[in-house]
Amino acid sequence: MASVLWGTTGVAAQFAPEVSALAIGSGAMGIGGLLQSVIALPCLKNYQGKLYSQKGWIILGALAVMFYPLAFYGSMRVASITVGTVVSIGSAPFFSAVIENIMDHIKVTLQWVIGAFMGVSGIILLCFSAQHTLYSPISFARISLGILLGLLAGFTYAFYTWVARHLIHHEIPSKAAMGSIFGVGGLLLLPVLLITGGTYLNSWSNLSVGIYMATIPMFIGYLCFGYGLSFVPTSMATLITLLEPVIATFLAVIIVGEKFSGFGWLGIGLIFLCLVCISIPNNKK
């Protein structure tokens, strides 16, 4: 459900072209994060002792929450929506696996490797299916910067996801874990929003996009994501979110009218095979 909701953000942003990537990112994640913190207040109070004992991880997770939307939307604006989404979402599962291996000593399973191979192959095919991107005049410097920003987005996304699951493993409910990380992250994003967000007030269309992005994909989406993290490992969660570019592609074709080739349909098939593969219970001890 989180992936489906997140997949709508790219198309939604198209209805506010004059709003910068920094304003989109800080508004969506900043306001959405603060809303998560507000509804989690009773839970945060009940677990304030355990949260304080994890304050270092919460701060690091909040910094990742702050940098993720700025890097993600910046990558899409600099190098195109396709390149930004592919690099950001496609790199996250690998960063998650590395983080889990270093921090939790969790070995990568063959099942995960097979699923990751199919999922990332599908993402790459989706990239090549975007004909408008292949023929657009984007300089090598812009593509390089977009890829670097996408890699930063993938790492920060994987890291704050790991921090949230780390808190959950220390007997902190998902609502309190997500509320603390995203609440602090939202506070860190407020100055960016105040500096760059003036264009939201230029029209009702811009303001509507801002309200939608903050409340639906970010607020409700991350509530779903936090609940899901209570039951699946970080590496599996980030693989499941490979569904997001599929949703984004469908909406781009239907609403925006972007072109879509046979490579894209093959890519979507591989992504669904990836989701099926990693969803099969692994009973190996």
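Trainee: How many aromatic pairs does the structure hold?

Mentor: Rings of Phe, Tyr and Trp (its six-membered ring) pair if their centres lie within 6.5 Å; planes under 30 degrees apart are stacked, over 60 edge-to-face, and the rest tilted. The structure holds 19 such pairs. Trp6 belongs to helix H1 (residues 2–6) and Tyr222 to helix H12, 216 residues apart. This is a predicted model, in which local features need pLDDT of at least 70 and side-chain atom pairs count only at pLDDT 80 or more, while totals for chains, interfaces and linings use all residues. Residues are numbered from 1 along each chain as its sequence is written, and side-chain values use heavy atoms, leaving out hydrogens and water.

Trainee: Is Trp6 buried or exposed?

Mentor: Buried means under 20% relative accessible area, exposed over 50%, and partly exposed in between (1.4 Å probe, protein chains only). Trp6, at 3%, is buried, and Tyr222, at 2%, is buried as well.

Trainee: Which residues do ring pairs link into a cluster?

Mentor: The cluster includes Trp6, Tyr222, Tyr68 and Phe225.

Trainee: At what angle do the axes of H3 and H12 cross?

Mentor: Two packed helices are described by the angle and the distance between their axes. Helices are DSSP runs (H or I, at least four residues), numbered from the N terminus. The axes of H3 (residues 21–39) and H12 (residues 204–229) come within 8 Å and cross at roughly 50°. Axes are lines fitted to C-alpha atoms over the stretch in contact, with angles from 0 to 180 degrees between N-to-C directions.

Technical notes
Helix = DSSP H or I, 4+ residues; strand = E, 2+ residues; numbered from the N terminus.
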